[in-house]
Amino acid sequence: MSGGAVMKLQAVCKYFPITRGLLRVKVGEVRAVDGVSLELRRGATLGVVGESGSGKTTLAKVAVRIYRPTSGRVWLGGQEIGALPVSQLLALRRRIQMVYQDPTSSLNPRHSLRRILEEPLVVHRLGGRRERERRVAEILERVELPADFRFRHPSHLSGGQRQRVAIARALILEPEVVVLDEPTSALDVSVQAKILALLRRLQQRTQAGYLFITHNLAVVSGMATHIVVMYLGQAVEYAPTAELFGRPRHPYTRALLSAIPVLTAEERGLIPEYRRLDGEIPSSACIPRGCRFHPRCPEAHACCSREVPPEVAVGPDHTVRCWLYAGGGDDR
Ligand code: SF4
């Protein structure tokens, strides 16, 4: 791994078999993630953006080893974790944590916040009772919730407060990497902004790397240093955030940018006008030949439906998977 990298994925694939009948005969496979490489730096945020069905949540689950990759390699720090046996996963959980979209379903409604926040410390045998109490009080303060909230239950909190608790539970173990899977999409816009600001403040303090999964480019624009755009299991564009917004290359990235809602004429001026997308993302069990995006691409040429575009560099730290930049195809 290069200096400063805290996590690296190399050519990671995750396929799920499709089976039929009592004998569960394999008749196909869902290629949810198909050859994705990325690198996350300490104290930085990498946005992973795509529609529902793009494979971004499966990628997140491979990164935290909820799923074992079908092939490819995953490193956390200097350790390869992709092939770790189940018996070693508990130690791994301390170093990489996940925050989910819906805090209501991820917090036990029967437990007090004190018990919810203390539980990871108990599971990992960290500190005695007093030490655990001190750390619960400290983490509540860091996520800006009053100390007496530790006696409350999740049902007595607002959605934003519940997400603060979910963040606190993830951070109490001081992980090196936090995977944030749509952490604000269940919240009102004003609450979203507060949670994003809180995540930024916490990151400055902890220097954890954030892998931020979202369908909404606008949400990560103020937070991510780099963005990966995913489509049907592949990374189709990767760039520093300002570059991606200022000079998007892939037609799919341009379509995502066009879909960002704007409030004022000034904001409209900041976002280039591109053609919006028609149709739905196809199933990962039935991936189109050639470029996966060609059935929906407004700039598709005949070669796009025949040949898979290579990944090419279009600038420093900027790659794109599209024939428009690869000079390929005999009929273009
Ligand atoms: Fe569109 Fe062709 Fe580029 Fe795919 S390779 S995004 S179909 S122009």
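This is a predicted model: local features need pLDDT of at least 70, side-chain atom pairs count only at pLDDT 80 or more; totals for chains, interfaces and linings use all residues.
**View 1. Glu237, a buried acidic side chain without a salt bridge.** Start by finding strand β10 (residues 234–240), which holds Glu237. Glu237 counts as negative, and Arg249 is the nearest side chain of opposite charge, at 5.7 Å. What does the side chain of Glu237 make a polar contact with? Its partner is the side chain of Thr253, at 2.7 Å. Looking beyond neighbours within four places in sequence, you will find Glu237 in contact with several other residues, including Ile227, Val229, Leu244, Pro248, His250 and His318.

**View 2. An aromatic cluster formed by Tyr231, Tyr252 and Phe293.** The model has 4 aromatic pairs. One of them joins Tyr231 and Tyr252 edge-to-face, with 4.7 Å from centre to centre and 65° between the planes. This pair links distant parts of the chain: Tyr231 lies in strand β9 (residues 226–231) and Tyr252 in helix α10 (residues 251–258), 21 residues apart. Are these two tyrosines buried or exposed? Tyr231 is buried, at 1% relative accessible area, and Tyr252 is buried too, at 0%. Tyr231 also pairs with Phe293: the ring centres are 4.9 Å apart and the planes meet at 80°, so this pair is edge-to-face. Here the partners are 62 residues apart, with Phe293 in the loop between α11 (265–270) and β11 (311–315). Phe293 is buried as well.

**View 3. Arg152 over the ring of Phe149.** Look for the charged end of Arg152, which sits 4.0 Å from the centre of the Phe149 ring.

Key: Residues are numbered from 1 along each chain as its sequence is written. Side-chain values use heavy atoms; hydrogens and water are left out. Helices (H or I, at least four residues) and strands (E, at least two) are DSSP runs, numbered from the N terminus. Buried means under 20% relative accessible area, exposed over 50%, partly exposed in between (1.4 Å probe, protein chains only). A salt bridge is a side-chain nitrogen of Lys or Arg within 4 Å of a carboxyl oxygen of Asp or Glu. A polar contact is a pair of N or O atoms within 3.5 Å; within protein, one must be able to donate a hydrogen and the other to accept it, and residues adjacent in sequence count only if both atoms are side-chain atoms. Contact means heavy atoms within 4.5 Å. Rings of Phe, Tyr and Trp (its six-membered ring) pair if their centres lie within 6.5 Å; planes under 30 degrees apart count as stacked, over 60 as edge-to-face and the rest as tilted. A charge sits over a ring if NZ of Lys or CZ of Arg is within 6 Å of the ring centre and within 35 degrees of the ring normal.
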